Amino acid sequence: MNARGQIDETARGLVVTDSEPRARWSRRRVLRSAGLATLGTAAGAITLNAIAPALWPQTAPVDLNDSYWVAALPAAGPALQASIDVDVAIIGGGLTGLATAYYLRTMDPSRRVALLEARACGNGASARNGAMLLASTADRWMIASEQPELDRRIYDLTVDNIGRLRALAARFGQDIELETRGAAQTLNDASQVGDARALARRLTEHGIPLEFWTADEVAARLGTRHYAGALFDPACGQLHPGKLVALFKAAAKAVGVEIYENTPVHAVAEDHVVTLTAGAGLKVRAPAVVLGTNAYSSRLGYLQNDYASIVEYVGITAPQPADLLAGIGGPTGIPFNDSRLEVYYLGPTRDGRLRIGGGPIGYVFNNGATPQPPPAASVAALARELGRIYPALGAIAFERTWAGAVDYSRDASPAVGRFGRHRNLYYAIGYSGHGLNLTSVFGRVLADLVLGRDDHWQWLPFLNRHPPYFPNEPFRWLATRGLAGFDRAFPDE
Ligand SMILES: Cc1cc2nc3c(=O)[nH]c(=O)nc-3n(C[C@H](O)[C@H](O)[C@H](O)COP(=O)(O)OP(=O)(O)OC[C@H]3O[C@@H](n4cnc5c(N)ncnc54)[C@H](O)[C@@H]3O)c2cc1C
């Protein structure tokens, strides 16, 4: 600065005085400052993203399942009592873990397989969900991709799996309340009707038998005038999720899987033989470890950039009068989800209850624990939506409400494969709310991979992929908030 208070930058050929037009210097400085600020922000963001896992380690314990489906789960079995060496260790007793264990021992009974569950089998999403048994994957559900042949192959694989579930239930003499009367995606917005009609035609041409329903057909089949139309897939349906978990648990035990419950895994030490620290400091050593930990995986330090753990709430009513239900699809009716990003999904149970889940996206910082019981506002939103769909229900009181975490990947596409320094960790992630059927498809894939039969699944586009990068905190929190805010600002009513 010179004696007259002017900024003297002659060294850089710039002299700025009060008499000179401000724009000449300020434009350049503003651009430079903006550039520096952008660089600084980007560098800060990259650094923060990189150190976030150390700043906010995920230590939250696995929360207890309080859903309606839990009543159908068998009591927890024994916890691990001593350190063991096994051929395959599976962490997590949800449908992924149990199905993988069952198929592994079925394919190769010589392998010693141990499954370690933090609480009781079915503690996670597998017995907290909306009970819709769907074909295909979330990214391809009622969507035509540019790969019709592949879409069809994935569709057939998942429809075939529904048949396998039915056969497994028959083999073990268990009624899992499996009904395949189809499932629908209802249209919230009249502007979606034209596209939906065209989609049904196109997918049917490619061997995926999707039907389009007008608003009148929706009223006749689902008992509501709330929607402009629907897409209907006759191959889908619903079942009792708790009973499906019970079935896979019984099947896994029957083929000799060792199941240890109330045995949380605290640490994974990777090597050619992986060492798990579980329960009260016991060791489980195995040359192959399957992460059946779904939305909890990041708490073990794995897959945190593959998914975000999105909290969803579900409510279920007491059994409703038969005449009321007859008007709204009946007790063996068709489950459906709507067409919004913050999707609602609902359906009747065999004993005449109505369940509804979804709605506004919830997220707890750092993939945190699900709030139990659900916040009053979320329960009120579920009741309001159910009342809008079925005004005849009158004032809605839920007998039970609960929360669960969904492992959403950024592209809603799942992933399954092997990874780790020694390529002996196996994972399945990103079901994105579509896992009730897909978990046992991937259970077979995982069993094959562990047994070295990768060639069976080379065609599967989900094999050994990792979904698009999900940033760490606080960016993940901001992204989920932003997405929810956008959807609320521009809803598809
Ligand atoms: C509210 C909600 C509604 C849904 N609705 C539907 C639907 O209608 N249709 C559909 O297809 N899908 C739906 N889904 C998704 C579906 O439920 C899941 O994709 C599927 O259940 C995932 O199964 P999983 O076995 O991979 O995970 P989970 O069932 O979550 O199992 C993971 C298990 O790992 C255990 N665990 C975690 N960490 C550890 C540890 N460190 N040590 C030991 N054990 C551990 C947990 O206790 C848990 O039991 C829904 C999900 C939710 C939450």
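**Helix packing, ligand shell and backbone features**

Helices α3 and α9 lie roughly perpendicular to each other. In this predicted model, the axis of α3 (residues 148–171) and that of α9 come within 9 Å, and the two cross at roughly 90°. This angle falls in the range of 65 to 115 degrees and therefore counts as roughly perpendicular. On the α3 side, the contact involves Leu 157, Thr 158, Asn 161, Ile 162 and Leu 165, which meet Asn 437, Leu 438, Ser 440 and Val 441 of α9. Sorted by class, the residues of this contact are five nonpolar and four polar, with no charged residues.

Helix α9 (residues 435–450) also packs against helix α2 (residues 95–107), with axes that come within 7 Å and cross at roughly 40°. Helix α2 is therefore oblique to α9. The handedness of this crossing is right-handed. From α2, the contact draws on Leu 95, Thr 96, Ala 99, Thr 100, Tyr 102, Tyr 103, Leu 104 and Met 107. Their partners in α9 are Gly 435, Thr 439, Ser 440, Phe 442, Gly 443, Arg 444, Leu 446, Ala 447 and Val 450. The class count for α2 with α9 is 10 nonpolar, six polar and one charged.

A further contact of α2 is with helix α6 (residues 241–254), where the axes come within 9 Å and the crossing angle is roughly 30°. Because of this angle, α2 is described as roughly parallel to α6. The cut-off for that description is an angle under 35 degrees. The crossing of α2 with α6 is left-handed. Residues Leu 95, Leu 98, Ala 99, Ala 101 and Tyr 102 of α2 make this contact with Leu 244, Val 245, Phe 248, Lys 249, Ala 251 and Ala 252 of α6. The contact of α2 with α6 holds 10 nonpolar residues and one charged residue, and no polar residues.

The shell consists of 44 residues around the ligand. Gly 92, Gly 94, Gly 124, Gly 404 and Gly 435 are the closest to the ligand. Gly 435 is also one of the α9 residues that meet α2. The most is given to the shell by α9, which provides four residues. By class, the shell comprises 20 nonpolar, 20 polar and four charged residues.

At the level of the whole chain, the domain assignment gives domain 1 as residues 1–37 and domain 2 as residues 68–489. The centres of domain 1 and domain 2, taken over C-alpha atoms, are separated by 61 Å.

Backbone geometry was also examined. Most residues other than glycine have a negative phi, and most peptide bonds are trans. The peptide bond between Gln 372 and Pro 373 is cis, with omega about -5°. Pro 373 belongs to the loop between β20 (362–363) and α8 (376–389). A cis peptide bond also joins Glu 473 to Pro 474, where omega is near 5°. The position of Pro 474 is in the loop between α9 and α10 (475–489). Asn 294, a residue other than glycine, has a positive phi, near 45°.

Key: Residues are numbered from 1 along each chain as its sequence is written. This is a predicted model: local features need pLDDT of at least 70, side-chain atom pairs count only at pLDDT 80 or more; totals for chains, interfaces and linings use all residues. Axes are lines fitted to C-alpha atoms, for helices over the stretch in contact, and angles run from 0 to 180 degrees between N-to-C directions. Angles under 35 degrees count as roughly parallel, over 145 as roughly antiparallel, 65 to 115 as roughly perpendicular and the rest as oblique. A crossing is left-handed if the near helix is turned anticlockwise from the far one by less than a right angle, and right-handed if clockwise. Two residues are in contact if their C-beta atoms, placed from the backbone, lie within 7 Å. Ala, Val, Leu, Ile, Met, Phe, Trp, Tyr, Cys and Pro count as nonpolar, Asp, Glu, Lys and Arg as charged, and the others, Gly among them, as polar. A residue is near a molecule or strand if its C-beta atom, placed from the backbone, lies within 6 Å of it. Domain bounds come from an automatic or database domain assignment.
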